Amino acid sequence: MRRLNVAVLANLKRNAPTREDMPEDVWDDLDSDVTVNAIVAALESAGHRAAFLEGDLSLVEELPRLRPDICFNISEGHWGDSRESHVPAILEMLRIPYTGSGVLTLALTLDKAMTKRVLSFHGLPTPAFQVFERADEPLDSDLRFPLFVKPIREGTGMGVSGESIVRSKPALRAQLAEQLARYRQPILVERFIRGREVTVGLIGNLIGPVAWRVPRDDRAERVFAGLRFLPPLEVDFAAYPESEGGVYTNRMKTDWAHDFHYLCPAPAEPSQLEELNWLAAAVFRVTGCADVARVDFRLDADDGNKPYILEVNPLPGLYPGLSDLVLEADAAGMRYNDLINAILEVARVRVGLNDS
Ligand SMILES: Nc1ncnc2c1ncn2[C@@H]1O[C@H](COP(=O)(O)OP(=O)(O)OP(=O)(O)O)[C@@H](O)[C@H]1O
Ligand SMILES: [Mg+2]
C-alpha cells in the first residue's frame, strides 16, 4: 500500500475565535487535541505521514507548502449558514482530494429543515415540522403537541434539553423566544417522537447505477453494495435523570460525555435492523454523502416503533472511546485505528488515488 501524505484538517476548540455576545456552548461542536492526535496517530500506525492543520483560511498558504496527497477533513467551520462546507470548498479550489462528504452535502445537512425537505421528497420518514423565524408566527394546524424545539443548524445537542419538549402554545412561544435570541438562526419545531433512539453509522460509498435515487422496489433494488453498516447504538435513557426528558441533550453530550450510557449493538429484530440500515443507506444516497456518516433515528413508541429520521451527520464525532461512531465501530470489532484508516481507504478509492 502506498504511503500517503495526509493533512488532518479540523477546527480545535482552543483555536476558536471568540466574540463577547456568543452563547457559551457555541463551540461545543469543535474538536479537541485528543481527537486530532488520535487521528494523526491512527494514520501513522498504517504507515502514512500525517500532520494537523487548522481548518481555516490559513489552509490557502499551508496546503501548497505541505502538498498532501489527500486531506482527512473533520472541520466543522466557524461562521455562516454553511460553515461545514467552507474547508471542502477551499480544497476543491486548491484541487486537493479529501475524505468525507463534499460542499453541497455538508451545506445541506447542516440545515436540518432543508435536509428534511429532501428526505420528504424521497418519501423517507422524518417528523412533521415547521420553521420559525419569529416566536409569534402562527403554528401550522396539522402540528400537534407535544412538539420538539431545536436550532435549525447546530450539533452536539446545542439548544437541546428537557425544555425542548413543549406541551402547550405558551411553552412553545417561550422556547422559541429563548432559542431565537440565543442562537440567532431559524428554529425548527418538530413533532416530538416519544420512544427509543438509535443511531446508525455507515462507512463506504454506494456503487452501482442507482446511487442517486431511492430504490422503489421493495427487495430487488435494496442496493447496499459498497456500504458497511456499523451496529446501531441506542442511547440508554433509563440511566439518566428525568430532567433530560428522554432525549439526547447537550448536557449528556458535553458535561456527561465521559459517563455515557448506551447499548451497542442496540437490541433489534433482524427485520428492524434491515429497515434501519436501508433507511440509513437511502439517506446517505439522497443527501449525497461520501465515505462516512451517522444517521440518527427515533423509534415511535406510539406507532409500533416506526423509525423516523431526525438528521444525518456527515461529520460524525471521532473522539476516541466516546463518540457514537467510535463506539459502534468498537462493537463491530474495529479499533479506533481501523475506523480512521477505513475512512481514508474508502476515500482513496473514491477519489482514485492509486495504490501502487
Ligand atoms: N422530533 C424529535 N422528537 C424527539 N426527540 C428529538 C426530536 N428531535 C430531536 N430530538 C432529540 O434531540 C437530540 C438532538 O437532536 P438532533 O440529533 O437533531 O441534534 P444535534 O444536536 O444535531 O445532534 P448531533 O450531536 O447528533 O449532531 C436527538 O438526539 C433526540 O434525542
Ligand atoms: Mg443528532
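**Close-up views of a predicted model with two ligands**

View 1. Asp296 belongs to strand S12 and Glu311 to strand S13, so the pair ties together parts that are 15 residues apart in sequence. Helices (H or I, at least four residues) and strands (E, at least two) are DSSP runs, numbered from the N terminus. Residues are numbered from 1 along each chain as its sequence is written, while chains are lettered from A and ligands numbered from 1 in the order in which they are written. Local features need pLDDT of at least 70, side-chain atom pairs count only at pLDDT 80 or more, and totals for chains, interfaces and linings use all residues, with side-chain values resting on heavy atoms and leaving out hydrogens and water.

View 2. Strands S12 and S13 run antiparallel and are joined by 7 bridges, where two strands are said to pair if DSSP finds at least two bridges between them. Leu299 has Pro307 in S13 as its bridge partner. The two strands, S12 and S13, form a hairpin with 5 residues between them, and Gly304 in the turn has a positive phi of about 55 degrees. Asn305, which is placed in the loop between S12 and S13, also has a positive phi, of about 60 degrees, although it is not a glycine. In S13, 7 of the 8 residues are buried, so this strand is largely enclosed by the rest of the structure.

**View 3. The shell around ligand 1.** Ligand 1 is surrounded by 24 residues, of which the closest are Lys112, Lys150, Gly157, Glu190 and Glu197; a residue is near a molecule if one of its heavy atoms lies within 4 Å of it. An N or O atom in the side chain of Lys150 is 2.6 Å from an oxygen atom of ligand 1, and a backbone N or O atom of Arg191 lies 2.9 Å from a nitrogen atom of the ligand. In the side chain of Arg298, an N or O atom is 3.5 Å from an oxygen atom of ligand 1. On its own, ligand 1 has 610 Å² of accessible area, and the protein covers 96% of this; such areas come from the Shrake-Rupley method with a 1.4 Å probe, and for residues only the protein chains shown count as cover. Two or more residues of the shell come from each of strand S5 (147-151), strand S7 (187-191), strand S12 (291-300) and strand S13 (306-313).

**View 4. The open sheet with S5 and S7.** An open sheet is formed by 4 strands in the order S4-S7-S5-S6, with antiparallel pairing. S4 and S6 are the edge strands, each of which pairs on one side only. Strands S5 and S7 pair in the antiparallel sense over 5 bridges, and Lys150 has Leu188 in S7 as its bridge partner.

**View 5. Cis peptide bonds in two loops.** Phe145 and Pro146 are joined by a cis peptide bond with omega about 0 degrees, and Pro146 is placed in the loop between S4 and S5. The peptide bond from Cys264 to Pro265 is also cis, with omega near 0 degrees, and Pro265 lies in the loop between strand S11 (262-263) and helix H8 (270-286).

Definitions and conventions. Polar contact = N/O pair within 3.5 Å; in protein donor to acceptor, adjacent residues only side chain to side chain. Buried < 20%, exposed > 50% of the residue type's maximum accessible area, 1.4 Å probe, protein only.
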